[in-house]
Each structure stands twice: as C-alpha cells, then as structure tokens.
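Please read the notes below alongside the sequence and the coordinates.

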Amino acid sequence: MAEHTIASPTCNPRLLDWIREMTDLCQPDRVHWCDGSDAEYEHVCNQMVRSGSFVRLNETLRPGSYLVRSHPSDVARVEKRTFICAPTQAEAGPTNNWKPPGPMKETLLSLFRGSMRGRTLYVIPFCMGPLNSAFAKIGIEITDSPYVVCNMRIMTHMGQRVLDALGNGPFIPCLHSVGAPLKPGQPDVAWPCEPDLEKKYIVHFPHEPSIWSYGSGYGGNALLGKKCLALRIASTIARQEGWLAEHMLILSLTSPRGQKRYLAAAFPSACGKTNLAMMQPSLPGWKVQCLGDDIAWIRLGPDGRLYALNPEAGFFGVAPGTSEKSNPHAVRTFAKNTIFTNVALTPDRDVWWEGMDVPPPPTLVDWEGQTWTPDSDRRAAHPNSRFTAPADQCPVIDPDWQNPDGVPLSAILFGGRRTTTVPLVCEAFNWQHGVFLGSAIGSETTAANTGQAGILRRDPFAMLPFCGYHMADYFAHWLALGAQTDPGKLPRMYVVNWFRRNDRGRWLWPGYGENSRVLKWICDRIDGTGQAQPSPIGNLPAPNALDLSGLNLHPENIRELLAVHKPEWRREAEGIRDYYDTFGDRLPATLRRELEALRQRLA
Ligand code: O2Y
Ligand code: MN
C-alpha cells in the first residue's frame with residue numbers, strides 16, 4: 001500500500017480511478033499530489049540536492065538555480081523510440097513509427113508493473129495554455145521523477161489551481177516512469193533511467209488520447225506537456241476540432257512608428273528558434289518581443305483572422321551557443337530560478353558551456369562529472385544541454401503572451417538550414433502556395449546533430465517528429481483551414497534561410513539581430529509598401545527593397561543571397577516530387593498542382 005502524503009485534492013471520479021489504477025500498477029512507496037506551490041518546489045529541489053541529483057548553484061551569481069547531470073545514455077529526445085499507436089498504420093502515416101495499440105499496451109503494462117517500487121509517484125496536474133483560455137488543454141502527468149516535477153512547474157501552469165479548473169471535466173492522462181525501481185535498501189543514483197535504448201518507449205495513443213513514457217527522464221521524452229501533448233496529441237485534436245498545433249515560435253515586431261505585428265515561425269530543431277524569438281534587432285527603433293520559442297496553437301478568431309497562443313510557460317532552451325552576442329535576452333532569462341541540465345560547473349559554482357563567449361576557467365567539472373581543462377579533447381557541456389527557465393523572466397516577454405485569446409498573426413515563416421538553393425527570403429503567392437512551401441522545407445544535417453553533415457532532411461512545417469497523424473492529411477488540414485476564411489485575412493507566408501553559403505563555403509548572411517532586416521521587409525509587404533519581384537519560386541525582395549543600411553555586404557553576396565538558380569531549383573522540384581511520392585494517393589491534389597506549376601515556371 002502506498003503512503004499518501006496528502007488526501008486527494010480532487011473529486012474528479014475519472015481522475016481518482018485512474019490514479020488508483022496506476023498506483024496499483026506501478027506500486028510506488030508513496031503518492032504525492034503536486035499543489036504547484038513555491039514551498040513544494042523548494043522542498044522537491046532541496047530533496048534533490050540532499051540526494052545528490054541537484055547541485056545548488058552560487059546563490060549570488062545564479063540565485064535559485066540548480067545543475068543536474070543526466071545519465072550519459074539519456075541526453076535527448078529519442079525519435080527511434082517514439083511511437084504513434086493509432087488503430088491503423090495508415091492513420092499514423094509513413095513519417096511515424098506505428099505499432100498496433102493492443103500489443104503496445106501489453107508491452108507497456110508489463111514494463112510499468114512495479115516500475116515505481118521504492119519511489120514516490122507524483123501526480124502533476126498541468127495546463128497547456130492559460131487556465132482562462134478556450135485554447136487550454138489539461139493533462140495529468142504521473143511520474144516517479146522529481147526532476148520532471150520541477151521542470152513541469154516551470155514549463156506549464158501546474159498544481160491545485162489546475163485541479164480546481166478541471167472540476168469533473170476531461171483531462172489527458174500522461175504516465176511517465178524512469179523505469180528504475182528500487183529494491184528494499186538499494187541506494188538510488190543521481191539520474192535513474194533505463195539505460196537500454198531498446199527498452200525506452202515514448203508512446204502516444206491519439207484515439208484515447210493518452211501518453212505513456214517509459215525509461216527516459218530527459219526533456220521531450222519526460223516533460224509530457226511539451227512535444228507529446230502540445231504537439232503530437234494536440235495535432236490530432238486540432239485536426240478534429242479545426243485548429244492547428246504547430247512547432248512555431250511567436251514574436252511581435254514593432255516598427256519605429258509604433259506599428260505592431262505578430263509573426264509565427266516554424267524551424268526544424270537546432271535552427272536557432274529561441275534566438276529569433278528573443279532577437280535584439282540591429283535596425284534602430286525596431287523592437288522584437290517574445291511570446292513563445294517552440295510551440296504555437298493557432299485558431300480562427302471570430303473576425304476571420306488566425307490567432308496564435310504559446311501553450312507553454314517556460315523555455316527549455318539549448319545552452320551551447322547561447323551567449324551575450326547570440327541571445328542577450330536568453331542570458332537575462334536564465335540569470336535566476338533556472339534548472340541547467342548537462343552543462344559544465346565552474347569552481348565558483350556557476351555554469352559554463354561552449355559558445356558562451358566567456359573564456360572557461362582553468363578547470364571545470366564537465367557534464368559527466370569529470371574534471372575538465374581547456375586542453376581536454378572533449379566538450380565540457382553536452383551539445384544538447386539545456387536551461388529550463390520561466391518565460392516571464394524574459395526581459396522582452398510580450399505583454400500579451402498570456403492573452404487567453406492569443407494574438408492575431410500577420411505572417412507565418414518557414415525556415416531551415418540550407419547552404420544552397422533557398423534564398424534569404426521568399427514570399428508565397430497565396431495560402432495554397434504557402435502550404436506547398438511549408439510542406440517542402442527541410443534542413444541539412446550538421447556533424448553536431450547526426451554525425452554526418454550536409455544531408456537534406458525534409459521536415460514539413462518543422463513537424464516531422466511531432467505530427468501525430470498522417471502527414472498528407474495534415475497538409476490537407478492546413479489547406480482546409482485556409483479555405484474557411486477570407487484570403488485577405490490570412491497571414492502571408494514566407495520561406496527564410498539564414499544559412500546560405502557562397503561557393504567558398506562562407507556564410508552569406510550575418511544572422512542574429514540582422515535578421516530584423518528580413519522581418520522589416522515582411523512587415524513592409526504586409527503594409528503594402530515593400531517592393532517585390534516575382535520569381536518562379538515566389539516573390540523576392542526587389543532590388544534595394546531590403547534595408548541593408550550599415551551592413552557593408554558585398555553586392556555579389558546580396559545577389560547570391562537572393563539568387564534563384566533554375567538548374568538547382570529543377571533538382572529541388574525533383575526532390576520534392578520524390579518526397580511527395582512517399583505519401584501516395586493521400587497527398588492533396590492541390591499540392592501536386594502547386595509542384596507542377598513550379599516545374600512549369602522553371603521550364
Ligand atoms: O532533447 C530534448 O529532449 C529536447 S528537444 C526540444 C526542446 C525544446 C525545444 N525544441 C526541442 C526540439 O527538439 O524541437
Ligand atoms: Mn522544438
């Protein structure tokens with residue numbers, strides 16, 4: 001019998017039944033219902049410090065902050081072990097790992113049986129989106145990981161107020177275990193998990209809906225409100241309910257004359273979304289404010305415009321490469337009350353990582369807990385090390401980031417890491433063409449993310465790892481949503497590429513705050529003042545329409561940044577055709593027509 005730390009703080013019969021059933025299954029020693037209070041957060045953090053999982057950072061340099069080191073086998077999302085268990089494989093589509101729900105449930109039940117022995121089962125009531133929003137979705141995560149409790153407290157709206165709002169209503173059950181039960185008297189380790197990759201399971205049952213995650217304690221595998229609920233499960237709900245759950249940042253851009261526009265942007269993982277979301281524009285008088293860096297829920301408003309809301313309450317950002325130069329606002333955001341995972345520890349108990357633009361001290365403790373010096377031939381911080389920080393600590397958080405109605409979108413951007421072919425910016429001719437452009441984006445792999453550089457991985461709408469159903473049906477859903485309103489009310493759509501290189505392999509575009517020049521042209525287009533010229537792939541900035549003042553770019557670089565080389569684009573069109581063929585007959589005819597029209601324009 002598990003010991004209960006407090007009486008059940010809800011009367012929701014379905015929730016109470018589920019907690020009883022899962023407690024019987026997982027057999028924890030204790031059950032704790034999270035109330036989401038400051039005192040509870042401090043208590044769980046202190047417990048983790050005492051157990052040796054958390055290192056308390058220097059209270060003067062980094063108040064209220066902690067460092068945690070994961071097991072070396074548990075350092076990132078595991079796409080290979082992520083499953084969509086729709087009733088049929090056709091519903092999951094060719095881009096998802098599918099398994100039939102029945103046998104997968106059997107496998108999971110046997111894994112979860114007794115999985116929490118010797119541990120505490122935490123019940124985390126959480127809400128994605130502000131509680132007073134029609135967008136909001138409530139989930140209940142059961143976990144045996146106090147690390148998950150602390151991170152969910154930052155990343156979601158969490159605790160008793162969620163149960164109060166839930167009443168007897170429906171919730172999405174999310175079951176998580178690190179998969180490391182303790183025998184009586186067995187000492188615990190700092191980061192318990194199931195080290196065998198083949199025994200990790202991140203499983204979605206979209207038809208229930210429910211989420212079952214076993215064996216990993218890390219990020220997207222374990223903080224189930226994020227990628228699992230707010231993208232994979234939400235995308236299937238959004239399809240049924242007529243909205244969109246997207247892998248997009250949301251930002252506002254205010255011109256020197258005070259005109260404010262909201263933009264959403266989809267980029268594959270590792271393309272600098274957090275940096276763009278909090279950008280400090282180099283253009284005088286322009287201001288960017290951040291509403292979210294990873295996920296946008298988008299729906300039609302009563303006025304026929306599209307409204308976007310960030311369902312998260314924090315940032316789970318990549319640490320390496322984040323510096324005063326690349327993202328000064330992120331540096332302020334994680335100045336306090338932050339959990340750092342897998343970064344290096346300095347002798348004065350602060351954090352350090354590669355690309356921080358601060359010289360390392362003569363000696364550090366690396367992410368694996370080993371002594372590290374600048375002469376070491378390995379990295380001090382793991383390349384996927386993270387900071388978890390509250391969104392309201394961002395110095396440029398937009399005042400409307402928690403607006404329950406969301407904010408009206410003027411533009412949607414699609415990006416990727418492309419060293420050739422794709423120009424700096426290109427405007428879609430219309431919504432259907434924009435959906436075509438979004439369906440074809442992709443990123444070239446880097447040595448850092450796959451070990452093999454320069455392979456193009458198509459990542460439609462940056463949703464490849466996150467779409468919970470058949471990707472071709474998802475394209476059809478985008479097309480159908482656009483058809484529901486006056487085309488003049490829809491956001492304009494753009495492809496951007498900050499990563500083009502010249503034939504000597506050098507970056508053509510400086511990026512970072514200079515990206516505001518591209519955003520300015522987009523705003524000018526929306527206002528009707530920005531000049532464009534048509535090209536076979538879309539509208540490009542007319543000569544001199546991009547504000548490049550003070551940038552000192554060589555005219556040859558500017559030409560190449562915006563060049564559309566027809567032979568390259570004919571090859572690109574063939575690549576898109578091959579990719580589309582993987583979706584068979586389910587691909588919307590509209591997209592085949594868009595591809596054919598592109599080929600005609602390139603002829
Ligand atoms: O590796 C992980 O578990 C984190 S993945 C992640 C985290 C924050 C934002 N985006 C991502 C992503 O993979 O897109
Ligand atoms: Mn992401």
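1. His247 and Asp294 are both buried, where buried means under 20% relative accessible area, exposed over 50% and partly exposed in between, with a 1.4 Å probe and protein chains only. This is a predicted model, in which local features need pLDDT of at least 70, side-chain atom pairs count only at pLDDT 80 or more, and totals for chains, interfaces and linings use all residues. Residues are numbered from 1 along each chain as its sequence is written, chains are lettered from A and ligands numbered from 1 in the order in which they are written, and side-chain values use heavy atoms, with hydrogens and water left out.

2. The manganese ion (ligand 2) has Lys227 (NZ), His247 (NE2) and Asp294 (OD) as its protein donors, at 2.1 to 2.3 Å. Donors are N, O and S atoms within 2.8 Å of the metal (3.2 Å for Na, K and Ca); water is not among the atoms, so sites may look incomplete. Along the sequence the donor residues follow the spacing K-x19-H-x46-D. His247 and Asp294 link distant parts of the chain, 47 residues apart: His247 is in the loop between β13 (244-246) and β14 (248-254), and Asp294 in the loop between β16 (287-292) and β17 (296-300). Helices (H or I, at least four residues) and strands (E, at least two) are DSSP runs, numbered from the N terminus.

3. Which side chains make polar contacts with oxygen atoms of ligand 1? A polar contact is a pair of N or O atoms within 3.5 Å; within protein, one must be able to donate a hydrogen and the other to accept it, and residues adjacent in sequence count only if both atoms are side-chain atoms. Ser269 has a polar side-chain atom at 2.6 Å, Asn384 a side-chain N or O atom at 2.9 Å, and His247, also a manganese donor, a polar side-chain atom at 3.2 Å. The protein covers 91% of the 360 Å² of accessible area that ligand 1 has on its own (Shrake-Rupley method, 1.4 Å probe; for residues, only the protein chains shown count as cover).

4. Helices α7 (219-222) and α8 (225-241) each supply at least two residues of the shell around ligand 1.

5. In strand β25 (residues 386-390), five of five residues are buried. Arg386, Thr388 and Pro390 lie on one side, Phe387 and Ala389 on the other. Strand β19 (residues 314-318) runs antiparallel to β25 and is joined to it by five bridges, with Phe315 opposite Ala389. Strand β20 (residues 339-341) is also antiparallel to β25, through three bridges, and Ile339 has Thr388 as its bridge partner. Strands pair if DSSP finds at least two bridges between them.
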